Amino acid sequence: MSQSAINESVKRYQDVSMTKANGETYTPAELSDFVARKICENFDFTDRDTIKILDPSVGDGELSCSLLNEIRTHYSGNIELYAFDTNSLALAMAKSRIEGIHPDCILHFENKDFLQFSIEEDREPDLLSMQNNRDKPSFDLIIANPPYVRTQIMGADEAQRLAATFGLTGRVDLYQAFLLAMAKVLAPKGAAGFIVSNRFMSIKGGGSLREKLRQMLALREVWDLGDTKLFNAAVLPAVIVANGKQCEENDDAAVAFTSIYETRDQSDLTAASPILALSMEGVVAVDDGRRFLVKSGTLDSSGGADAVWRVATATGDAWMATVQRHTARTFGQIGKIRVGVKTCADKIFIRHDWEAATNGAMPELLRPLTTHHGAGRYRATTPKKVRHILYPHAVIDGQRRASDLDQFPKSRAYLEGNRAALEGRTYVIEGGRKWYEIWVPQDPASWSCPKLVFRDISERPTFWLDLDGSVVNGDCYWMIAADERETELLWLAVAVANSTFIEAFYDHCFNNKLYSGRRRFITQYVEQFPLPDPATPLAQTIIAKAKAIYEANHAPTVEGMERELDKLVWQAFGLGEEPSR
């Protein structure tokens with residue numbers, strides 16, 4: 001490729017704001033330098049004739065350049081770089097760039113998919129002649145920002161193939177397969193730094209990946225970069241620094257863990273950027289006006305190999321011990337948490353204009369619908385557009401069944417008018433269901449029960465009680481008491497769930513945040529929320545005040561009532577009146 005073509009390629013990649021094809025995202029220079037520095041801090045450069053480096057998705061070469069620059073501050077010997085990328089223009093750009101900066105480095109550039117290379121039976125001999133055993137290539141240093149491509153983009157077949165090849169479960173992202181492929185080729189005394197999505201660290205579906213990383217690598221440092229927005233792409237990144245498996249005594253060493261998330265708290269510290277803030281502890285203001293809470297500790301190792309990754313600190317562990325001593329049961333022990341109904345044809349089943357849509361012939365099977373549009377704390381709000389759902393399900397002889405439309409002529413007429421679209425949901429019919437059924441109707445008998453309902457994503461916990469027999473839509477979660485005699489516990493639960501205490505508990509245990517401090521309130525987290533002993537006088541007071549807030553129905557006095565209740569919740573867990581995180 002000519003120099004003019006390379007220059008044009010460079011301009012092209014700059015113009016697209018560093019976004020790679022195929023789900024890849026180019027790495028900002030400051031983050032690239034940070035990862036390179038951490039890799040070299042965890043590598044022994046003594047007695048090395050040659051250092052072999054792998055960059056499996058080299059892109060514009062930023063990571064490789066950073067690593068080569070850092071290596072040269074420690075080591076003056078031979079360096080070989082093995083780089084892969086499926087984009088030939090990016091590869092040519094990276095090669096030209098690295099040759100200009102490090103002409104003494106031996107370069108092996110491959111215009112191919114590293115992941116495919118790693119699972120091929122017949123590998124290229126020129127790449128693998130680095131060792132006597134050509135079936136086991138290894139690299140001393142690996143630096144990577146592998147592509148982020150989720151299951152729904154790469155396709156189910158490809159995702160299943162990768163899952164089977166690498167022993168992964170749950171929703172597979174391409175970067176997860178890359179991580180394990182790189183772990184296989186890291187030398188026993190090598191060091192690696194990976195930039196990945198932080199999502200796998202805190203969700204149940206990432207358990208198999210977490211377990212395999214612990215098995216295949218000697219983890220050294222984990223950096224959860226949270227909502228720092230270091231990338232233009234909508235990804236919350238993390239950095240993993242690891243050595244290859246060495247001797248047993250090193251494998252059990254404590255893993256340093258630091259997290260950084262935006263906060264509204266006041267700061268006493270300042271830094272030019274989020275990356276520079278990582279060396280501090282506490283609330284740090286950066287030059288662009290944002291403030292971040294930086295927490296440092298170790299990777300919690302109290303759970304199993306697939307346990308959620310979180311920051312463990314002496315203060316945090318003592319805090320959690322106090323909570324556990326005052327926990328009588330969990331939300332999951334009250335009842336099963338479910339997601340709401342999924343129709344797979346919302347425009348047909350869910351409307352706010354039923355009277356106009358049916359010329360006044362309102363279907364008999366309409367039921368009130370709870371959605372995130374009416375989300376509120378303690379009690380739902382009234383949305384601008386009140387929605388109802390045509391719900392063609394009932395419990396007959398103790399079993400859920402599709403409603404007999406012959407008994408509901410107006411409902412039948414409306415559904416028949418949409419029959420072609422509903423029959424287009426072939427998976428419903430193939431599943432042995434009637435053409436007019438909702439795909440996920442849940443239990444029709446439960447809708448009349450008092451329900452705890454909550455939103456999936458919110459900055460502030462948003463839980464409320466539904467006493468109106470509403471159907472809950474799929475944009476919310478809900479639960480009833482498995483034992484109707486324990487319905488009173490839902491009032492205790494709604495008080496705990498809406499408290500600042502539960503925000504602190506969430507951040508200690510899960511810390512799965514999105515941008516701007518929004519938390520994910522999903523089943524695997526909420527079912528672990530604690531409850532104090534409901535028989536105590538304090539718990540009974542909490543229940544009474546939760547009911548009073550519900551009855552106040554968002555009156556101006558509610559805010560003060562919530563503050564009083566919030567203090568009681570902290571006291572119920574032995575933590576005093578003042579929230580201290």
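Is Asp-397 buried or exposed? At 73% relative accessibility, Asp-397 counts as exposed. The value comes from a predicted model. Asp-397 sits in the loop that joins strand E19 (393-396) to strand E20 (399-402). Its phi angle is near 55°, a positive value in a residue other than glycine.

Asp-47 gives a second case. Phi of Asp-47 is also positive, near 55°, and Asp-47 is not a glycine. This residue belongs to the loop between helix H2 (29-41) and strand E1 (50-55). Asp-47 is exposed, with a relative accessible area of 82%.

The overall picture comes next. The protein chain contains 23 helices and 27 strands. It has 581 residues, and 52% of them count as buried. The chain exposes about 25900 Å². Carbon and sulfur atoms supply 47% of that area. Contacts between residues at least 6 apart in sequence were also examined. Of these, 73% join residues at least 24 apart.

Helix H19 (residues 489-497) illustrates burial. In H19, 9 of the 9 residues are buried, so the helix is largely enclosed by the rest of the structure.

Is Asp-397 buried or exposed? At 73% relative accessibility, Asp-397 counts as exposed. The value comes from a predicted model. Asp-397 sits in the loop that joins strand E19 (393-396) to strand E20 (399-402). Phi of Asp-397 is near 55°, a positive value in a residue other than glycine.

Asp-47 gives a second case. Phi of Asp-47 is near 55°, again a positive value in a residue other than glycine. Asp-47 belongs to the loop between helix H2 (29-41) and strand E1 (50-55). With a relative accessible area of 82%, Asp-47 is exposed.

The chain as a whole comes next. The protein chain contains 23 helices and 27 strands. It has 581 residues, and 52% of them count as buried. The chain exposes about 25900 Å². Carbon and sulfur atoms supply 47% of that area. Among contacts between residues at least 6 apart in sequence, 73% join residues at least 24 apart.

Helix H19 (residues 489-497) illustrates burial. In H19, 9 of the 9 residues are buried, so the helix is largely enclosed by the rest of the structure.

Two helix pairs were examined. Helix H2 packs against helix H3 (residues 62-71) at an angle of about 45°, and the axes are 8 Å apart. Angles of 65 to 115 degrees count as roughly perpendicular and angles under 35 degrees as roughly parallel. H2 and H3 are therefore oblique to each other. Their crossing is right-handed. On the H2 side, the contact is made by Ala-29, Ser-32, Asp-33, Ala-36, Arg-37, Ile-39 and Cys-40. H3 contributes Glu-62, Leu-63, Ser-66, Leu-67, Glu-70 and Ile-71. By class, the contact of H2 with H3 has 7 nonpolar, 2 polar and 4 charged residues.

The second pair joins helix H13 (residues 314-325) and helix H20 (residues 500-509). The axes of H13 and H20 come within 11 Å and cross at roughly 125°. Only angles over 145 degrees count as roughly antiparallel. H13 and H20 are therefore oblique to each other. The crossing of H13 and H20 is left-handed. H13 brings Gly-316, Trp-319, Met-320 and Val-323 to the contact. H20 brings Phe-501, Ala-504, Phe-505, His-508 and Cys-509. The residues of this contact divide into 7 nonpolar, 2 polar and no charged.

Ile-101 lies in helix H4 (residues 88-101). At 45% relative accessibility, Ile-101 counts as partly exposed. Ile-101 and Cys-65 are 36 residues apart in sequence. In space, their C-alpha atoms are 7.9 Å apart. Neighbours within four places in sequence aside, Ile-101 is in contact with Cys-65 and Asn-69.

Glu-262 belongs to strand E8 (residues 256-262). Its relative accessibility is 24%, so Glu-262 counts as partly exposed. The cut-off for a buried residue is under 20%. Along the chain, Glu-262 and Gly-517 are 255 residues apart. Their C-alpha atoms are separated by 6.3 Å. Leaving aside neighbours within four places in sequence, Glu-262 is in contact with Asp-227, Arg-290, Arg-291 and Phe-292.

Ala-272 is placed in a loop, between strand E9 (269-271) and helix H12 (274-277). At 46% relative accessibility, Ala-272 counts as partly exposed. Ala-272 and Asp-287 are 15 residues apart in sequence. From C-alpha to C-alpha, they are 5.0 Å apart. With neighbours within four places in sequence left aside, Ala-272 is in contact with Val-286 and Asp-287.

Methods:
Residues are numbered from 1 along each chain as its sequence is written. This is a predicted model: local features need pLDDT of at least 70, side-chain atom pairs count only at pLDDT 80 or more; totals for chains, interfaces and linings use all residues. Side-chain values use heavy atoms; hydrogens and water are left out. Axes are lines fitted to C-alpha atoms, for helices over the stretch in contact, and angles run from 0 to 180 degrees between N-to-C directions. Helices (H or I, at least four residues) and strands (E, at least two) are DSSP runs, numbered from the N terminus. A crossing is left-handed if the near helix is turned anticlockwise from the far one by less than a right angle, and right-handed if clockwise. Contact means heavy atoms within 4.5 Å. Ala, Val, Leu, Ile, Met, Phe, Trp, Tyr, Cys and Pro count as nonpolar, Asp, Glu, Lys and Arg as charged, and the others, Gly among them, as polar. Buried means under 20% relative accessible area, exposed over 50%, partly exposed in between (1.4 Å probe, protein chains only). Accessible areas come from the Shrake-Rupley method with a 1.4 Å probe; for residues, only the protein chains shown count as cover.
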